[in-house]
Amino acid sequence: MAVNTVASTTASDSTHPGVSLGPAVALSCRECGERIPLGPHFACTACFGPLEIAYELPEGDPEALRARIEAGPDTIWRYAPLLPVPADVAAKPNLNPGFTRLVRADRLAAELGVTGELHVKDDSGNPTHSFKDRVVAIAVEAARAFGFTTLSCSSTGNLAGAVGAAAARAGLRSCVFIPHDLEQGKVVMAAVYGGDLVGIEGTYDDVNRFCSELIGDPAGEGWGFVNVNLRPYYAEGSKTLAYEICEQLGWRLPDQLVVPIASGSQLTKIDKGLRELIALGLVEDRPYKIFGAQAEGCSPVSQAFKGGHDVVRPVRPDTIAKSLAIGNPADGPYVLDIARRTGGAVEDVTDAQVVDAIKLLARTEGVFAETAGGVTVGVTRKLIENGLLDPTLTTVVLNTGDGLKTLDAVAPTTGPSAVIRPSLDAFRAAGLA
Ligand SMILES: *Cc1c(COP(=O)(O)O)cnc(C)c1O
Ligand SMILES: [Zn+2]
């Protein structure tokens with residue numbers, strides 16, 4: 001099996017002897033291909049490129065692998081043979097995220113003029129109500145393997161809650177960092193699990209810079225930052241979205257996917273997951289298109305895509321889609337490559353369109369999305385209007401978080417139809433009979 005395989009590297013190094021993370025065999029540089037042993041590293045020492053996990057993936061009969069997956073637990077651990085986690089991961093104390101529902105969205109399809117199959121992958125059903133539980137679950141296993149005692153992150157909100165909860169369950173200390181001005185729902189969720197929560201006066205990009213400094217300082221020693229020094233492991237969690245979508249479609253690739261972009265990590269790893277399924281023979285090898293979605297107030301990747309640039313120029317975010325508000329997205333250039341290679345696109349919508357799309361999804365399918373879901377649904381509508389997304393094909397739109405976390409976005413325009421005295425006369429007078 002030749003997906004990022006290496007012949008002769010052991011899964012251990014001098015600082016972390018005996019580390020065993022399932023099929024993961026090394027870290028490899030995305031830019032120059034340099035390989036180093038597994039460890040808490042994120043940048044290539046040769047060229048500073050981002051490091052990824054290299055695997056020795058299972059060989060042999062796809063039918064047998066498919067059967068093994070289907071017999072697994074109803075969580076991301078059914079895909080443990082394809083993830084950098086120990087084989088007995090499902091037996092450890094973790095939050096067991098994943099296997100969220102894939103909602104066939106016929107009423108939304110009718111509103112959008114989609115005649116093909118339309119599905120919403122609804123990740124609001126994860127333990128802390130966002131897709132971040134997937135990536136954190138993998139990072140926790142790496143943190144345990146490397147002996148970290150404190151779990152940390154820089155977060156636009158959802159990640160802080162996911163780290164706090166996962167650390168609580170695993171019995172690790174947590175200390176997480178967020179921009180000071182996040183939605184109340186996200187602040188409360190990040191704090192309630194009992195770890196330390198620090199608001200930083202600045203944007204997410206300031207928070208991230210601060211965390212990079214902390215990693216190099218004695219104050220951060222023994223800390224596993226899930227999205228910095230554990231990033232190669234963390235990022236692999238997003239592959240499970242690709243695996244689940246295909247399995248839930250009956251081991252079939254969708255023709256088109258609409259994916260939100262913050263740092264761009266999720267989108268790039270969904271592509272990686274789809275390519276692995278093809279390489280393993282678990283799905284038929286045929287083309288798919290990946291579309292990226294941003295909010296106009298933080299759309300550096302979309303601007304680069306539309307401008308035909310390879311470089312993503314950083315912006316200062318100003319949008320209600322705070323979970324996606326990363327002005328300097330680390331994986332931006334890779335997102336551009338994937339959108340171009342697969343024949344997809346990157347598009348953005350205004351905050352008003354985000355709110356409309358949240359309400360549209362709620363009204364048609366009974367799914368209450370956070371602002372990031374408003375971004376993907378809004379972008380889907382826009383892509384159909386400008387002819388980039390084919391409404392006759394099978395499309396999967398991601399909702400990555402729960403509307404209850406971003407009530408502020410819809411509260412000003414959503415409320416009771418009437419407030420009346422408890423009498424039938426008053427009810428009739430309100431015109432609702
Ligand atoms: C973090 C997040 C994403 C995607 O983040 P990437 O950095 O692009 O991987 C998408 N939706 C929500 C709700 C998030 O919290
Ligand atoms: Zn390199």
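View 1. Of the 17 residues around ligand 1, the nearest are Ala262, Ser263, Gln266, Thr400 and Gly401 (a residue is near a molecule if its C-beta atom, placed from the backbone, lies within 6 Å of it). Sorted by class, this shell holds 6 nonpolar, 9 polar and 2 charged residues. Here Ala, Val, Leu, Ile, Met, Phe, Trp, Tyr, Cys and Pro count as nonpolar, Asp, Glu, Lys and Arg as charged, and the others, Gly among them, as polar.

A word on reading these views: this is a predicted model, where local features need pLDDT of at least 70 and side-chain atom pairs count only at pLDDT 80 or more, while totals for chains, interfaces and linings use all residues. Residues are numbered from 1 along each chain as its sequence is written, with chains lettered from A and ligands numbered from 1 in the order in which they are written.

**View 2. Lys132 in helix H3.** Lys132 sits in helix H3 (helices are DSSP runs of H or I, at least four residues, and strands are runs of E, at least two, numbered from the N terminus). An unreviewed UniProt entry lists Lys132 for "modified residue: N6-(pyridoxal phosphate)lysine"; such annotations may be inferred rather than shown by experiment. Lys132 has 34 C-beta neighbours inside 10 Å, so it counts as buried (20 or more other C-beta atoms within 10 Å; exposed means 12 or fewer, partly exposed in between; C-beta atoms are placed from the backbone). Not counting residues up to four places away in sequence, Lys132 touches Asn158, Leu159 and Ala162 (contact means C-beta atoms, placed from the backbone, within 7 Å).

**View 3. The largest nonpolar core.** This core has 128 residues, and Ala139, Val163, Phe291 and Leu324 have the most contacts inside it (a nonpolar core is a set of buried Ala, Val, Leu, Ile, Met, Phe, Trp, Tyr and Cys residues joined through C-beta atoms within 7 Å). Helix H3 (residues 132–145) gives the largest share, 9 residues. Beyond its neighbours within four places in sequence, Ala139 meets Gly224, Val226, Leu230, Tyr233 and Tyr234.

**View 4. Helix H13, residues 371–385.** With 12 of its 15 residues buried, H13 is largely enclosed by the rest of the structure. Among the buried ones are Thr371, Arg381 and Leu383.

**View 5. The loop at Gly297.** Gly297 is in the loop between strand E11 (289–295) and helix H10 (300–307). It has 21 C-beta neighbours inside 10 Å, so Gly297 counts as buried. Leaving aside neighbours within four places in sequence, Gly297 contacts Pro317, Asp318, Thr319 and Asp351.

Note on methods. Two residues are in contact if their C-beta atoms, placed from the backbone, lie within 7 Å. The expected span of a helix is 1.5 Å times one less than its number of residues.
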